[in-house]
Amino acid sequence: MIIELYRAKSLIRHFAYTADIFFNPYQGCYHDCVYCRGKSDDYYLHEDFGDRIKVKINAPELLEKYFQSKGHFSSSNTHVTLDDFFSPSNNVIPSTKQPSKFMLFIGGGVCDVYQPAEKEFELTRQLLQHAHEYNFPVTIITKSDLVLRDLDLLQKINKDSYASVSVTITFADDEIREIFEPRSSSTQERYSALTILRKSGIHGGIYFVPVLPWIGDTEENMHSIYKMAKSSGAEYVVCGGLSLKPGKYKEDFMNTIKAHFSSLYSKYVQLYGNNNKYGYPDSSYVQKTGVIDPALKGYKMCKDYNLPYMIPRHIQQGLIEENVKWAESLYEIAHLKEDLLRGSWREVRDFRKSSAIVEVLRKPLSKMSRGEIQALPVPKISSTHILELATKGKSTYLEKLRNDVNTLV
Ligand code: SF4
């Protein structure tokens with residue numbers, strides 16, 4: 001492994017529509033999973049992605065600067081000025097109110113923040129330390145049980161706000177896991193890590209992505225992983241398929257299939273032979289051969305195992321619980337449309353946008369007048385659904401979509 005230390009100019013990246021941010025102190029991932037999207041040409045990461053790890057040594061410093069630029073101050077800061085205690089909108093009423101909090105996705109992008117380099121550099125730990133000092137909620141996704149090293153910090157964060165860890169588990173059989181995810185923790189180690197995290201009160205679940213056709217989607221593998229979810233206390237299982245964007249990484253993946261699963265090679269060639277620019281499998285081949293749709297199968301398995309198929313939303317400090325619930329309904333509409341019913345991307349985008357707007361409303365939706373609701377700056381497509389949520393407390397459209405999915409599974 002080659003390590004390159006550098007001082008990054010920027011760290012923070014933003015999600016569309018929300019104030020939530022994601023960041024990663026590493027570029028490149030020693031775990032070197034065969035199917036990793038980070039190796040595709042589109043990510044503009046370096047070619048020796050799995051062997052050369054770039055380390056942003058100033059990542060914690062950049063995060064702290066970002067917090068401060070948004071008006072947040074550390075709980076350990078004793079140099080607080082009078083201004084910190086006055087609301088900017090009303091200088092008469094003393095207030096200790098800080099600006100709204102947002103979720104920190106530590107590890108966004110395509111590099112595991114608990115890869116081996118973290119043992120030495122402890123940047124993820126320092127980022128968590130800042131999240132704790134500034135009282136921000138965090139969420140992490142990993143394939144390494146090194147996350148347990150930071151259990152103490154995660155517990156502190158969870159006590160003050162919220163901490164969640166999604167552990168990726170894709171193969172119950174460790175011999176298969178070793179073929180596709182050669183340098184990460186074993187399946188058993190990840191399962192144990194998730195069990196310990198959940199027993200310690202940390203939120204979390206299983207990220208079962210990608211489900212490899214004919215390898216990960218077998219009845220045996222899927223049931224084993226959902227059983228692991230149940231026995232570990234996972235709060236959800238997110239299930240999704242494999243995309244293979246054209247390029248060298250796709251060739252490498254196909255060579256791995258040829259070497260270890262030669263009988264499946266021609267099927268893979270046909271399934272991904274369309275060379276779709278997003279890496280999606282050929283839908284006509286899917287229909288013809290009845291290849292399992294992992295998202296649909298995952299939806300059904302979640303129902304069978306009584307587990308949510310989406311990560312439950314955290315109600316962040318300053319948000320109204322009712323609105324977060326309605327936002328979750330709108331988000332679910334977008335999710336069902338996108339991953340299970342293949343709706344138009346515009347519709348998906350508009351419901352996502354509406355979800356983000358509803359989530360941060362300062363007044364409960366049910367207390368708003370019809371005029372106030374109609375004046376919300378939400379995409380037109382969602383306005384009648386929002387009105388229904390506010391007045392009836394339910395969405396018949398969401399119920400219809402769930403029924404549509406039920407007929408497919
Ligand atoms: S752990 Fe994640 S980021 Fe790292 S190589 Fe595997 S898929 Fe890519």
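Two residues are in contact when their C-beta atoms, placed from the backbone, lie within 7 Å of each other. The legends below describe close-up views of a predicted model.

**View 1. Helix H1 and what covers it.**
Helix H1 runs over residues 59-69, and its buried residues are Ala59, Pro60, Leu63 and Phe67. Around the helix axis they cover an arc of only 100 degrees, so they lie on the same side of H1. The elements that cover these buried residues include strand S3 (21-23), strand S5 (52-56) and H3. Glycine 71 follows H1 and has a positive phi, near 85 degrees.

**View 2. The loop between helix H2 and helix H3.**
Glutamate 122 sits in the loop that joins helix H2 (117-121) to helix H3 (123-133). Its phi is positive, about 55 degrees, although glutamate 122 is not a glycine. Glutamate 122 counts as partly exposed because it has 16 C-beta neighbours inside 10 Å.

**View 3. The surroundings of the ligand.**
Which residues surround the ligand? They are Cys29, His31, Asp32, Cys33, Cys36, Gly38, Val110, Cys111, Asp112, Lys143 and Ser184. By class, this shell around the ligand is made up of five nonpolar, three polar and three charged residues.

**View 4. Helix H6 and its buried side.**
Helix H6 takes in residues 187-199, 13 residues in total. From its first C-alpha to its last it reaches 18 Å, close to the 18 Å expected at 1.5 Å a residue. Buried in H6 are Thr187, Arg190, Tyr191, Ala193, Leu194 and Leu197. Their arc around the axis is only 160 degrees, which means that they are on the same side of H6. The cover over the buried residues of H6 includes strand S10 (163-168), helix H5 (174-180), strand S11 (203-211) and helix H7 (219-232). After H6 comes glycine 201, with a positive phi near 90 degrees.

**View 5. Strand S11 and helix H7.**
Strand S11 holds proline 210. The peptide bond that leads from valine 209 to proline 210 is cis, and its omega is near 0 degrees. Histidine 223 belongs to helix H7. Is histidine 223 buried, exposed or partly exposed? Histidine 223 is partly exposed, because 14 C-beta neighbours lie inside 10 Å, while a residue needs 20 or more to be buried and 12 or fewer to be exposed. Between the C-alpha atoms of histidine 223 and isoleucine 21 there are 34 Å, and along the chain these two are 202 residues apart.

**View 6. The loop between helix H9 and helix H10.**
Asparagine 275 is placed in the loop between helix H9 (265-271) and helix H10 (283-289). Although asparagine 275 is not a glycine, its phi is positive, about 50 degrees. Asparagine 275 is exposed, because 12 other C-beta atoms lie within 10 Å.

**View 7. The two assigned domains.**
The domain assignment divides the protein chain into domain 1 (2-304) and domain 2 (321-408). Taken over C-alpha atoms, the centres of domain 1 and domain 2 are 26 Å apart. The contact between them involves five residues of domain 1 and seven residues of domain 2. On the side of domain 1 that touches domain 2, four residues are nonpolar, one is polar and none is charged.

Helix H12 covers residues 321-340. How far apart are the end C-alpha atoms of H12? They are 27 Å apart, which agrees with the 28 Å that its 20 residues should span at 1.5 Å a residue. The buried residues of H12 include Trp326, Leu330, Ile333 and Leu336, and Asn323, Lys337 and Asp339 are also among them. Against these buried residues pack helix H11 (294-304), helix H13 (345-359), helix H15 (380-392) and helix H16 (396-408). Just after H12, arginine 342 has a positive phi of about 55 degrees.

**View 8. Alanine 334 within helix H12.**
Alanine 334 is part of helix H12. It counts as buried because 20 C-beta neighbours lie inside 10 Å. Leaving aside residues up to four places away in sequence, alanine 334 touches Val348, Phe351, Arg352 and Ser355. Lysine 199 is 135 residues from alanine 334 in sequence and 32 Å from it in space, C-alpha to C-alpha.

Notes
Residues are numbered from 1 along each chain as its sequence is written. This is a predicted model: local features need pLDDT of at least 70, side-chain atom pairs count only at pLDDT 80 or more; totals for chains, interfaces and linings use all residues. Helices (H or I, at least four residues) and strands (E, at least two) are DSSP runs, numbered from the N terminus. The expected span of a helix is 1.5 Å times one less than its number of residues. The arc is that of the directions from the helix axis to the C-beta atoms. A residue is near a molecule or strand if its C-beta atom, placed from the backbone, lies within 6 Å of it. Ala, Val, Leu, Ile, Met, Phe, Trp, Tyr, Cys and Pro count as nonpolar, Asp, Glu, Lys and Arg as charged, and the others, Gly among them, as polar. Domain bounds come from an automatic or database domain assignment.
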